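Subject: The structure for you to look through

Hi there,

Here is the structure I promised to pass on. Please open it alongside this note, and I will walk you through what turned up.

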Amino acid sequence: MGKTIIISNRLPVQLQIDQGEITAIPSVGGLATGMKSVHSGGDSLWIGWSGLTDEEIPDELVSKIDKALAEHGSSQVNLTEDEIDGYYYGFSNRTVWPLFHYFMEYTEFEQEFWDAYKAVNRKFADAILAEAEDDDTIWVHDYQLMLVPQMVREEKPDISIGFFLHIPFPSYEIFRTIPWREELLEGLLGSDLIGFHTYDYERHFLSSVRRLLGLEVSFNDISLDHRIIKVDSFPMGIDYKKFSEAAKKNEESSEKGKSELQKRLDTHKKADPEAKFFLSIDRLDYSKGIAKRIYAFEYFLNKYPEYKEKVRLIVLAVPSRSNVPQYQLLKREVDELVGRINGEFSTVSWTPIWYFYRSMPFENLIDLYTSSDIAWLTPLRDGMNLVAKEYIATRTDQTGVLILSEMAGSANEMNESLLINPNNFEQIADALHTAINMPVEEQQERNAPMQKRLERYNVEKWANDFMNSLVDQKRKDYSHIAR
Ligand code: ADQ
């Protein structure tokens, strides 16, 4: 067997340029961690964009960057500012992202974006083709690169290609509205294996393939030319051990290293052991339902006024895609909403919403998970949602309550949490009330099976299951299918 080539929009490293010297720092994100077993530094290569446009990289640094990346088994696809604008901020994040998350009103169908998407997908495919041998295995990640499998297949008909979509695949009725819908499906069908987080996304995809391309689909196999393409679900997990061990370690550590937010939280808890903290953590993205969650919090305070001065909502929002107008509008909406509600409800000793617009170091994130009584995650649509899984993994004494939107892919595996419809404020207010009053034994009864599941179906297993399925698919004998 040859080498493995992984392709994603962003490389799993951050480049830092300091006085003409380059450092490549490995990312700690879920995907990078999960792929460790696949991308072990040995016979594998990761191809992607470095995060810096051509305009930001001085000519004399190009070879230094290539060298720094090579040390991490990575190779970059160079992209100009215009390409990033059209392909990433344009088609990926103003067409595909809103549409696949059912935000039709935010979806823009622009020929220019589509042209840039095709051209950049071609660049990624060329970068793969420059490195690939016939016996290599290629794993393409996510919605920015849906045309790549077919582009590679055309040049290398027998190579093994897998594709995994990290976001939802929408129902046929939504997907059919895209002007370039057939091209997108055909792009994906260059793969041997197409993976989704859930069975529902898989079904939606198969339905689009059947109805738009008229292809024969039997169970989860699609026949195309002389090939069979397998479609399957692989719910992504987390690095369970990393989160649970970090939580144990943090319990023993001292004040040093704690964030200001954490110190403030600890002080409040000491002063009032009955006080309850609700935690919400997401990228600042309209799909995550942040604004609606804040409205629901207001609804809750009005429905259950006895909790005023007793509960606090921590909203931790990570800056994201701030070049896209919808994200700027959302930022303004959340800023104003938090201001209005805090203005209306605050007392001298109580601020109901603690809002932070920033990313947080891993250790501080763990502190927050372990000291929040309730994690409250209400995406309107979410491919999976790993925060829900991370929260449960850090609850070493199995206490804590997870309130989770049924629109998150992870809801399928977290049945013991309090599942809510993010649009139903009445139900949410009651779930918060239930969560506040839930006996410790019940919290533990609910969390124990979820922890077991998360420990077993961790991110390494996810990556291995996908790779094994891809290898199996390639091994199958399709000689009975006429060429
Ligand atoms: P995301 O939309 O980014 O991922 P999610 O799965 O929740 O959503 O992952 C977010 C990650 O960022 C988590 O690992 C979390 O710990 C981290 N994070 C969040 N807030 C942070 C903060 N303030 N500081 C530091 N880190 C923070 C996309 C899809 C998801 C899918 C994943 C993986 O949209 O549905 O689960 O890919 O496939």
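One term before we start: a crossing of two helices is called left-handed if the near helix is turned anticlockwise from the far one by less than a right angle, and right-handed if clockwise. Please also keep in mind that this is a predicted model.

**Helix 9 and helix 14**

With that term in hand, helix 9 passes helix 14 in a right-handed crossing. The contact brings together Tyr240, Phe243, Ser244 and Ala247 from helix 9 with Glu390, Ala393 and Thr394 from helix 14. Sorted by class, these residues are four nonpolar, two polar and one charged. As for the geometry, the axes of helix 9 (residues 240-252) and helix 14 come within 8 Å and cross at roughly 45°. Angles from 65 to 115 degrees count as roughly perpendicular and those under 35 as roughly parallel, and helix 9 and helix 14 are therefore oblique to each other.

**The ligand**

Helix 14 comes up again here. Which element gives the largest share of the shell around the ligand? That is helix 14, with three residues. In total, 18 residues surround the ligand, and the closest are His166, Met360, Gly383, Met384 and Leu386. Two or more residues of the shell come from each of strand 12 (276-283), strand 13 (311-318) and helix 14 (386-394). By class, the shell around the ligand holds 10 nonpolar, five polar and three charged residues.

As a reminder, strands of a sheet pair through backbone hydrogen bonds, either parallel or antiparallel.

Strand 4 (residues 44-49) and strand 5 run parallel and are joined by three bridges. Ile47 has Ser75 in strand 5 as its bridge partner.

**Helix 7 and helix 8**

Helix 8 has a helical partner too. The axes of helix 7 (residues 181-188) and helix 8 (residues 199-213) come within 11 Å and cross at roughly 120°, which makes helix 7 oblique to helix 8. Is the crossing of helix 7 and helix 8 left-handed or right-handed? It is left-handed. Helix 7 contributes Arg181, Glu182 and Leu185 to the contact, while helix 8 contributes Ser208, Val209, Leu212 and Leu213. That set has four nonpolar, one polar and two charged residues.

**Helix 4 and helix 5**

The last pair is helix 4 (residues 111-131) and helix 5 (residues 148-155), whose axes come within 9 Å and cross at roughly 45°. That makes helix 4 oblique to helix 5. The crossing of helix 4 and helix 5 is right-handed. On the helix 4 side you will find Asn121, Arg122, Phe124, Ala125, Ile128 and Leu129, and these meet Val148, Met151, Val152 and Glu155 in helix 5. Seven of the residues in this contact are nonpolar, one is polar and two are charged.

Happy browsing, and write back with any questions.

Best wishes

How values were computed
Residues numbered from 1 in each chain as written. Predicted model: local features only at pLDDT ≥ 70, side-chain atom pairs only at ≥ 80, totals over all residues. Axes fitted to C-alpha atoms, helices over the stretch in contact; angles between N-to-C directions. Helix = DSSP H or I, 4+ residues; strand = E, 2+ residues; numbered from the N terminus. Parallel < 35°, antiparallel > 145°, perpendicular 65-115°, else oblique. Contact = placed C-beta atoms within 7 Å. Nonpolar A, V, L, I, M, F, W, Y, C, P; charged D, E, K, R; others polar. Near = placed C-beta within 6 Å. Pairing = 2+ DSSP bridges.
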